[in-house]
Amino acid sequence: MEELVKSESASGLTLMEVEKPKLGQRDVLFQVDRTGSCGTDLHIFNWDSWTKKTILVPLVVGHEFVGRDLYHSEFQKNKL
Ligand SMILES: [Zn+2]
């Protein structure tokens, strides 16, 4: 699967192929249909002073999206 990653402490982002994560009891897997960028993503892209003291790399970027729930564990089903 491809993810947009801040892979190093410098400006820019990298679209890279990464392994699908192993899902734990508290995880949910979404198929992302659409995503957007916001001010936080721009800070991360530019690697500005706020980002340097706030973000640890590597980091997968993106927190505003629309998608479908492909999997949630029995633990999660009991919480819904
Ligand atoms: Zn945001």
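Student: How many residues of strand β3 are buried?
Tutor: The count is zero among the eight residues of β3, which covers residues 28–35, and the strand is hardly covered. Here a residue is buried if 20 or more other C-beta atoms lie within 10 Å of its own, exposed if 12 or fewer, and partly exposed in between, with C-beta atoms placed from the backbone. Strands are DSSP runs of E with at least two residues, helices are runs of H or I with at least four, and both are numbered from the N terminus. This is a predicted model: local features need pLDDT of at least 70, side-chain atom pairs count only at pLDDT 80 or more, and totals for chains, interfaces and linings use all residues. Residues are numbered from 1 along each chain as its sequence is written.

Student: Okay, which strand is β3 joined to?
Tutor: Strand β5, residues 65–72: seven bridges join the two, and they run antiparallel. Strands pair if DSSP finds at least two bridges between them. Glutamine 31 has arginine 68 of β5 as its bridge partner, and arginine 34 is partnered by valine 66.

Student: And β5 itself, why do we say it lies in the open?
Tutor: The number buried is zero of its eight residues, so β5 lies largely in the open.

Student: Let's pick one residue. Is aspartate 33 buried or exposed?
Tutor: Aspartate 33, which lies in β3, counts as exposed because it has 9 C-beta neighbours inside 10 Å.

Student: What does aspartate 33 touch, then?
Tutor: Leaving out residues up to four places away in sequence, aspartate 33 touches Val66, Gly67 and Arg68. A contact needs the two C-beta atoms, placed from the backbone, to lie within 7 Å. Going C-alpha to C-alpha, aspartate 33 is 7.5 Å from phenylalanine 65 in space, while the two are 32 residues apart in sequence.

Student: Switching topic: what order do the strands take in the open sheet?
Tutor: Three strands form that sheet in the order β2-β1-β4, with antiparallel pairing. The edge strands are β2 (14–17) and β4 (59–60), each of which pairs on one side only.

Student: How many bridges join β1 to β2?
Tutor: Four, with β1 (residues 2–6) and β2 running antiparallel. Glutamate 2 stands opposite glutamate 17 there. On the β4 side, two bridges join β1 to β4, again antiparallel, and valine 5 stands opposite valine 60.

Student: Zooming out, how many helices and strands does the protein have?
Tutor: Three helices and five strands. From the N terminus on, they run β-β-β-α-α-β-β-α. The radius of gyration is 15 Å, well over the 12 Å that the globule rule gives for 80 residues, so the protein is more spread out than a compact globule. That radius is taken over C-alpha atoms, and the rule is 2.2 Å times the number of residues to the power 0.38.

Student: What does the C-alpha trace span?
Tutor: About 40 × 25 × 20 Å along the principal axes. Of the 80 residues, 2% count as buried. Among contacts with a separation of 6 or more, 73% come from residues 24 or more positions apart.

Student: What about the loops, where is glycine 12?
Tutor: Glycine 12 sits in the loop between β1 and β2. Glycine 12 is exposed, with 11 other C-beta atoms within 10 Å.

Student: Where's tryptophan 47?
Tutor: In the loop between α1 (39–46) and α2. Tryptophan 47 counts as partly exposed because it has 18 C-beta neighbours inside 10 Å.

Student: Last one: where is the confidence lowest?
Tutor: In helix α3 (residues 74–79), at a mean of 73, while α2 is highest at 96. The mean pLDDT of the protein is 89, and 99% of its residues reach 70 or more. pLDDT is the predictor's confidence in each residue, from 0 to 100.
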